[in-house]
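Good morning, colleagues. Please look at the sequence and the model on the screen while I go through some of the local features.

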Amino acid sequence: MNQLQLFLPCAAGVEDYLAPEVLRITGLPPGCITKQRGGVAVRTGFAHAMRLNLYSRLAQRVLVLLSYTEYRSEQDLYRAASEVAWERWFTPRESIKVEITAQHSPLTSLNFAALKIKDAVCDRFRSVAGGVRPDVNTQWPDVRLYAHLTTDSCSLYIDTSGEPLFKRGWREDKGDAPLKETLAAAMIAASGWLDGEGDLQPLYAPCCGSGTILIEAAQMACNLPAGGLRRFAFEKYAPFRKTDWDAIKQEAADEVAMPDAGQKPIIFGSDVAHRMVDFAQRNAERAGVAGVIEFRGGDALQRMPPIQVGEGGGVLLLNPPYGERIEVAGVAAAGRSGREDAHKNQAKSASSPYKISTNSYEDDSEVGDEPTHSAGLSSATPQQGRFGARELPQTEGAGEFFNQLASHWKKNYAGWTAWVLTPDLKLPGKMRLKEARRVPMWNGPIECRLFRFDMVKGSAREYRN
């Protein structure tokens with residue numbers, strides 16, 4: 001298990017940040033990883049697979065590639081799956097789920113293809129385990145097996161994560177459509193807030209919702225591992241050694257650096273919906289960072305800087321609600337169900353070697369550009385949107401809100417840097433600001449941009465046609 005080919009899928013646009021994260025976690029040289037569209041491949045061992053599950057904030061899963069073959073028919077898929085030594089990974093006592101996605105596959109039924117792969121796995125166990133085969137469990141399987149088909153190739157993976165990695169284990173209170181933890185971490189990585197060796201700048205989220213961005217930032221600052229509160233699928237696999245895992249977790253615990261008692265926070269959040277502020281506070285307590293973040297209520301159009309800073313300024317991070325119309329009255333009107341009311345469309349990645357996607361809202365499902373099919377039961381419900389289609393957000397009516405927000409920031413947040421994640425590519429014009437940077441980033445099926453605005457008083461940064 002020292003030479004595994006791992007693939008870590010991520011949201012499209014996050015690959016540039018996932019690659020260095022993988023290098024930091026594993027300590028491997030750059031030549032060991034390959035950045036691909038929708039993820040990062042790395043050749044390493046099982047111990048690093050465990051570490052990546054524990055530490056990665058940007059990956060959706062940690063998959064192990066077990067087979068890559070050409071195919072023409074379902075029988076070719078059966079043969080490929082039959083040749084994989086599944087018994088090296090798990091026993092017939094573990095339940096399985098087979099999911100399949102495809103990119104221009106010539107097969108007429110992906111559901112039938114998934115059933116053939118499932119049959120191959122079960123038949124192999126019958127032959128090597130005295131006639132005993134694993135059961136199928138499509139809800140809470142012990143082992144998740146993934147197959148991805150192209151026009152002529154089949155890749156078979158075993159998942160070491162279990163539930164998707166954005167499920168950190170601390171978010172129990174949430175709005176209707178909270179930002180995924182992995183995407184929140186990507187926003188922080190893109191902002192460069194943690195870069196450098198000096199003191200951290202103040203960080204403020206004026207529409208904090210259930211606190212996802214702030215809690216991710218606080219855990220990063222305190223060196224808390226992303227998966228420290230959850231379990232992983234690899235803990236049930238044959239290569240797993242508890243002593244090795246305990247040593248990795250102890251190393252993570254030893255690296256935690258909480259602020260001194262009485263130290264004033266530099267991470268702040270506010271929201272016009274006081275219910276969401278309560279949710280954020282409770283989530284922060286479960287995440288172990290309640291004492292690191294200061295939460296308050298208040299409208300984003302009225303809140304003054306939470307802390308006075310010098311010329312270095314601070315960092316503003318904003319993921320405004322864009323699944324509903326934003327009214328001039330502030331985020332209150334847009335957050336009728338509590339803020340973070342983003343889109344509710346099923347998610348899919350843009351284009352990746354393995355089509356595992358980032359959902360834009362809390363959901364157990366994982367789908368690709370085409371419907372995912374599970375072996376053992378009927379096919380999964382087809383997701384909204386056709387293959388390759390882009391979900392289009394509703395952003396009309398938001399211009400006045402953003403115009404007022406920009407005026408408020410220019411007047412009161414001079415020296416700060418604002419990062420705004422939005423699907424509205426015309427946002428700089430609506431804010432009458434010239435962006436310093438724009439980072440492509442996908443929120444599920446919605447193509448977004450993370451805009452950077454450097455706040456300068458007056459008209460120095462006003463938008464010009």
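Four helices each supply at least two residues of the lining of the largest pocket: α1 (15-26), α2 (46-55), α5 (181-191) and α6 (212-221). Helices here are DSSP runs of H or I with at least four residues, strands are runs of E with at least two, and both are numbered from the N terminus. The model is a predicted one, in which local features need pLDDT of at least 70 and side-chain atom pairs count only at pLDDT 80 or more, while totals for chains, interfaces and linings use all residues. Residues are numbered from 1 along each chain as its sequence is written, and side-chain values use heavy atoms, with hydrogens and water left out.

To return to the pocket, its volume is about 890 Å³. Its lining comprises 28 residues, and the closest to the centre are Arg24, Leu194, Met220, Ala221 and Asn223. A pocket is defined on a 1 Å grid over the protein atoms alone, as an open set of points where a 1.4 Å probe fits, with protein on both sides within 12 Å along at least five of seven lines; lining residues have an atom within 4 Å of a point. The volume is the space filled by probe spheres set on the points, which are joined across faces, edges and corners.

Which helix gives the most to this lining? It is α1, with five residues. By type, the lining divides into 16 nonpolar, four polar and eight charged residues. Here Ala, Val, Leu, Ile, Met, Phe, Trp, Tyr, Cys and Pro count as nonpolar, Asp, Glu, Lys and Arg as charged, and the others, Gly among them, as polar.

Is Thr44 buried or exposed? At 6% relative accessibility, Thr44 counts as buried, the term being used for under 20% relative accessible area with a 1.4 Å probe and protein chains only, whereas exposed means over 50% and partly exposed lies in between. Beyond its neighbours within four places in sequence, Thr44 is in contact (heavy atoms within 4.5 Å) with Asn2, Gln3, Leu4, Leu6 and Leu28.

Finally, the protein chain as a whole has 11 helices and 15 strands. Of its 465 residues, 58% are buried. Among contacts between residues at least 6 apart in sequence, 78% join residues at least 24 apart.
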